[in-house]
Amino acid sequence: EVKEQFDVTYTDFIIQACGHALKKHPRMNSSLEGKAIQQHTDINVGVAVALKEGLIVPVLKNVDQKSLKSLAEEATILADKARKNQLKIEEVSGGTFTVSNLGMFGIDELHAIINPPQAAILATGTAGERATAVDGEVVVRRMMTATLSADHRAVDGVEASAFLRRFRDLLEAPGELS
């Protein structure tokens, strides 16, 4: 039996880090249902996939409960199905948070539009070497810009900032991701 090989991408790390950060900051994992805020217990991350016709957002279910390898496999399969126009309705439904990564297109930074009724979307750009100061010295580090768009009717800036800090910390110390 031949098993298909799946490469782990930056996007897979981003998705997994989001899942862990959302678990710690559950208010970020909410939606606006009319005027009511619904906080979700399942962490289902939609990942924007670019098609010629526009964007589609397949959803990875229960991200916080999956290994990096499992997420990579599922994300690859869903993206492939999206490009072939073979996604089922349940594969694009039920998202509680969305990630849009344009790094593979050489985009350094973007400000994404929230996918209603979700309360937030995380946008990431290219991960590349950049000069930065560390302990008074200029060093080159691999860095990436992440921006968060949040609906302040559902979540405030303090919670959004805490989520982003946790997300950053997880990417900087990937050993915490399991």
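Ile 56 touches Val 47, Ala 48, Val 49, Leu 51, Ala 82, Leu 87 and Val 92, leaving aside residues up to four places away in sequence. The model is predicted. Ile 56 sits in strand β5. Its relative accessible area is 27%, so Ile 56 is partly exposed. One of its contacts, Ala 82, is 26 residues away in sequence, with a C-alpha to C-alpha distance of 7.3 Å.

**Helix α2**

- Ala 82 is also one of the buried residues of α2.
- An α-helix has 3.6 residues a turn, so residues three or four places apart point the same way.
- α2 has 16 residues.
- From first C-alpha to last, α2 reaches 22 Å, close to the 22 Å expected at 1.5 Å a residue.
- Just after α2, Asn 85 takes a positive phi of about 55 degrees.

**The sheet**

- Five strands form an open sheet in the order β6-β3-β7-β8-β11.
- The pairing is mixed.
- β6 and β11 are the edge strands. Each has a single partner strand, so one side of each has no neighbour in the sheet.
- β7 and β8 pair in the parallel sense, over 4 bridges.
- Asn 101 stands opposite Thr 124 in β8.
- α1 packs on the sheet and touches β3, β6, β7 and β8. The direction of α1 makes about 150 degrees with that of β7.
- α3 also packs on the sheet, where it touches β7, β8 and β11. The direction of α3 makes about 150 degrees with that of β11.

**The largest nonpolar core**

- In soluble globular proteins, nonpolar side chains tend to be buried together.
- The largest nonpolar core here has 26 residues.
- Met 28, Val 45, Phe 97, Leu 148 and Phe 163 touch the most other members.
- Two or more residues each come from α1 (10–24), β3 (45–47), α2 (68–83), β7 (97–101), β8 (120–124) and α3 (157–172).
- α1 gives the largest share, 6 residues.
- Val 45 touches Ile 15, Leu 22, Pro 58, Val 59, Leu 60, Val 63, Phe 97 and Val 99, again leaving aside residues up to four places away in sequence.

**Gln 16, a polar residue in α1**

- Gln 16 is found in helix α1.
- Its relative accessibility is 2%, so Gln 16 counts as buried.
- The side chain of Gln 16 reaches the backbone oxygen of Lys 66 at 3.3 Å.

- Ser 149 lies in strand β11 (residues 146–150).
- Why does Ser 149 count as buried? Its relative accessible area is 18%, and the cut-off for buried is under 20%.
- Ser 149 touches His 111, Ala 112, Ile 114, Ala 119, Ala 120 and Ile 121, not counting residues up to four places away in sequence.
- A polar side-chain atom of Ser 149 lies 2.6 Å from the backbone oxygen of Ala 112.
- Ser 149 and Gln 38 are 111 residues apart along the chain, and 18 Å separates their C-alpha atoms.

Conventions:
Residues numbered from 1 in each chain as written. Predicted model: local features only at pLDDT ≥ 70, side-chain atom pairs only at ≥ 80, totals over all residues. Heavy atoms only, no water. Core = buried A, V, L, I, M, F, W, Y, C linked by side-chain atoms within 4.5 Å. Buried < 20%, exposed > 50% of the residue type's maximum accessible area, 1.4 Å probe, protein only. Contact = heavy atoms within 4.5 Å. Expected span 1.5 Å × (residues − 1). Polar contact = N/O pair within 3.5 Å; in protein donor to acceptor, adjacent residues only side chain to side chain. Pairing = 2+ DSSP bridges. Axes fitted to C-alpha atoms, helices over the stretch in contact; angles between N-to-C directions.
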